[in-house]
Structures are given as structure tokens and as C-alpha cells.
Amino acid sequence: MIEHLLSFDLSALGIGYGTVLLFALLIGLLLTGMPLAFVTLLVALIFALGWFGPMAVPLITSRVYSFVSSFVFVSVPMFVMMAALLDRSGIARDLFEAMKLVGGRMRGAVAIQTIFVSVILAAMSGIIGGEIVLLGLLALPQMIRQGYDRKLAIGVICAGGSLGTMVPPSIVLIIYGLTANVSIGDLFTSAFIPGFMLAAFYVIFVIIRVKLNPDLAPAPEPDDRPWSEKIKLLKGLILPVLVIGFVLGSIYGGIASVTEASALGVAGVMLSTIIRGELTLSMLKGAALQTLATCGMIVWIGIGASALVGVFNLMGGIDFVSALLKGVSDTPIIVILTMMAILFFLGMFLDWVGIALLTMPIFVPIVKDLGYDPVWFGVVFAMNMQVSFLSPPFGPAAFYLKSVAPKDVSLGEIFRSLLPFIAIQIFAVGLLVAFPAITGH
């Protein structure tokens, strides 16, 4: 098939048919199970050779170099390293115990506590998978043992664990900032309120659900512990709060850039593990290997996507898609909603890294032409990616939880449990689109 494509001048097809062929080839190769990074690189190479000839190949390498040489990109492995260290330490466990005091004696307290823990973990690292696995190990058995409705427990863990997409320092916002050439500090500031707003929606949903149907959550267990013991529990909050203060405080205070703050965060988490007496060589090795694997995946997808977008741009494809989207309606908000629908659809099948790197170079210029702020659009994009983490058939949150959930919890049950939380996320996307002032833009 590839030899046949290269046997004639692809540019003779014209940009319309060329775009259709490019996306058909992309989807066809993805359906074979080939990794996204290799698919995008292969398609980029085919169209570079078939459309422009061998002289176009160096253009791919220049696009790749501009992506991987960005200084801000250094913050990604730092935040991944923070999450990897948190996975292997007891910080999250102690945090969960300390947050038991937050729920108080209300019905559904453990579910609410889980959401609060999710927010704190998200503010520490901005990585999603590790949070869901941690909460699946800490909170799910406890909620099932206490008699919580399984669907409510599963939904709270997956939705809460995905808050790392929105709550700064979010890796999603960092990658968006890199591809859209937007200030990551501005993105963090703008995403702060929407991230906490979404967490508040989850808490309100849990409170209303257990109020309407008390059978979904047990009455709170009596807490007969003395105050001295409760105060000791609060010690579990000290180190996480200090790390968050190091990272976000240095960014918002203008003391450090995002990259420098990420290094402070790694130092803070490492110092925390030393204080707790948990830092070992095997722990460092495991965290480093996890960081290499995760960042390797992100870099390879970035290389492939930036090469493909570069070739597509040279073909005139971005102008073609821009005209196509703008032709949907004369009303700018309809064009934005069309983009949201495309992102929602792609989110059911592709990883968020691939979606960001493939679509944002096309969408962001259109957003600017329509008169919208790219910082606002970045926050809306991150909120949309919240939906993608939960959406069937390939919602990663469900697979993360399945890996640690009891054997009798099926993927079908997990996805059914996520439906009301997906509805909440879509509602939140709608709010951000209708009221951009929520982001401060």
C-alpha cells in the first residue's frame, strides 16, 4: 500500500482529497494496533516524499528539533518524577488518613474525602494515572467495606483521580502551552478556578445523591479518637501542603518559572521521603524508570505529531481545515462548539498527548482569528480532556482502576459508573464556553 502511494505524485490529488487520504491512512494504521507515535511519523514521511519529494525530509527533522528543544519541556519529566516518587512513598496514604477529618460525620464522608485527596495529589504532580491507581488501592476497598454503592465509589475515584488534567501543575496544560505558544504560567492561573469548580461539582453531586438515596452511602462511623490523635493525623497534611506551596507558590509569586518550579517540586517530594525515612536506591531506580517510560512515550508521540502537522501545514492542509471549520457557521461560538465536538470524538479513541499535538496547531490559529483568547481555549481544551479520560471505549481512567480493582469489578461496570461524572464534565465545559470570565479571560 505504501509503495503504491509513493509511486505517483500525491500532490496531484489536491488538498481536499489529500486531507481525506491522510486521515484515512492515519485511522487505518491505528486500527492495526501500531503505536500512535510510529503511525504519525510514517504518515508524515509518506506524504513528505509523495507530496514534495526527498528534499522535504529535512523539514521533518527541523520540526522535531523545535519540539524537543523547548526549555519548558524539561518540566514534564520533573512532574512525572514527582508523581512516580509519590506512587512509591506513603505520603498519599498518610494524606488520605489526615483527610478523614475533612468529611466529618456526614453521610458520604469517605467519597468527599477522596475528592479532596484527589485535588491535593493533582496539585502536587499533575499526573493522572498514578492518582487513580493510588486511590483505587486506598479508597475503593474502604468504601466497599463500609457499604458504599460500588458505582458511586468507582465514579468518585476515576473522576477525582482525573483532576490532574485541570488542577495546576497540569501536564496537559504544559503540553498545550508548548504547542500553542502560550504562557504556561497564564494557563495555570486561568485553570485554577475551573479545576476547583469541577471538584466542587463532584462534591455537590455526591452530597445530593446520598441525600436523595441514603442507601448509596452508610451512616458515618463514630470517631471516638481523642483530639490528640486527630491532631497527629493532621501531620499527614504538612508535607503535601509544603510541596504545593513550593511549586505553585513559586510560580504564582513570580519567583520561579514553571521549569524551575518543577525542579523545586521534585526536591520537595524527595526531601519529604527522606524525612519519612522511605528514600531508598530501589525506590529512586523505580521512579526513574517510570519517568523514562512515560516521558519517552510523550516525546515519541510529540515527534510524530509535530512531523505530521509540519508536513500537513506545508501541504496547505491547515488553511484547508481552517476554511472548512469556519464554513460551518458564521457564528464564532458554533465553530468553537464544533471543535469541542471533534475533541470529544477524538478523546474516545486517542491519547490526550496525541490529540493536543495533532489538533492544537490547527485549532489555535482559528481560535485567534475568531477573536478568542488562546489561554481560555487551553483551559476549555483541558476540561474537554477530562471527558476523554472517562469516555468509553478507551477511557484510560477505567483501565487504570481496573488494574487494581477487585476481580468482580468489570470494565463495563466501571464505564457505566462514570456516565454521571461525564455529564458533569460536559456541563463544566459548557459553563467555560458560555462564561469565559470563569478563567479570567
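Predicted model: local features only at pLDDT ≥ 70, side-chain atom pairs only at ≥ 80, totals over all residues.

Student: OK, how many helices and strands in the protein?

Tutor: There are 22 helices and 0 strands; helices (H or I, at least four residues) and strands (E, at least two) are DSSP runs, numbered from the N terminus. The radius of gyration is 23 Å, close to the 22 Å that the globule rule gives for 441 residues, so the protein is as compact as a globular protein of that length. That radius is taken over C-alpha atoms, and the rule is 2.2 Å times the number of residues to the power 0.38.

Student: And what percentage of the residues count as buried?

Tutor: 53% of the 441 residues. Buried means under 20% relative accessible area, exposed over 50%, partly exposed in between (1.4 Å probe, protein chains only).

Student: Switching to helix α3, what's its span?

Tutor: Helix α3 covers residues 36-52, and its end C-alpha atoms are 23 Å apart, which agrees with the 24 Å that its 17 residues should span at 1.5 Å a residue. The expected span is 1.5 Å times one less than the number of residues.

Student: Which α3 residues are buried?

Tutor: Among them are Leu 36, Val 39, Val 43, Ile 46, Phe 47 and Trp 51. Just after α3, Gly 53 takes a positive phi of about 95 degrees.

Student: What about Thr 259, buried or exposed?

Tutor: Thr 259 counts as buried because its relative accessibility is 7%. Thr 259 is found in helix α15 (residues 258-275).

Student: Which residues is Thr 259 in contact with?

Tutor: Leaving aside neighbours within four places in sequence, Thr 259 is in contact with Phe 71, Val 72, Val 74 and Ser 75. Contact means heavy atoms within 4.5 Å.

Student: Last one: which residues form the nonpolar patch on the surface?

Tutor: Phe 192, Ile 193, Phe 196 and Tyr 252. Helix α12 (residues 184-212) gives the most to the patch, with 3 residues. Phe 192 sits in α12 and is partly exposed, with a relative accessible area of 34%. Patch residues have over 30% relative accessible area and no salt bridge, with nonpolar side chains (Val, Leu, Ile, Met, Phe, Trp, Tyr) joined within 5 Å and like charges within 9 Å. A salt bridge is a side-chain nitrogen of Lys or Arg within 4 Å of a carboxyl oxygen of Asp or Glu.

Terms used:
Residues numbered from 1 in each chain as written. Heavy atoms only, no water. Areas by Shrake-Rupley, 256 points an atom, 1.4 Å probe, with all protein chains shown as cover.
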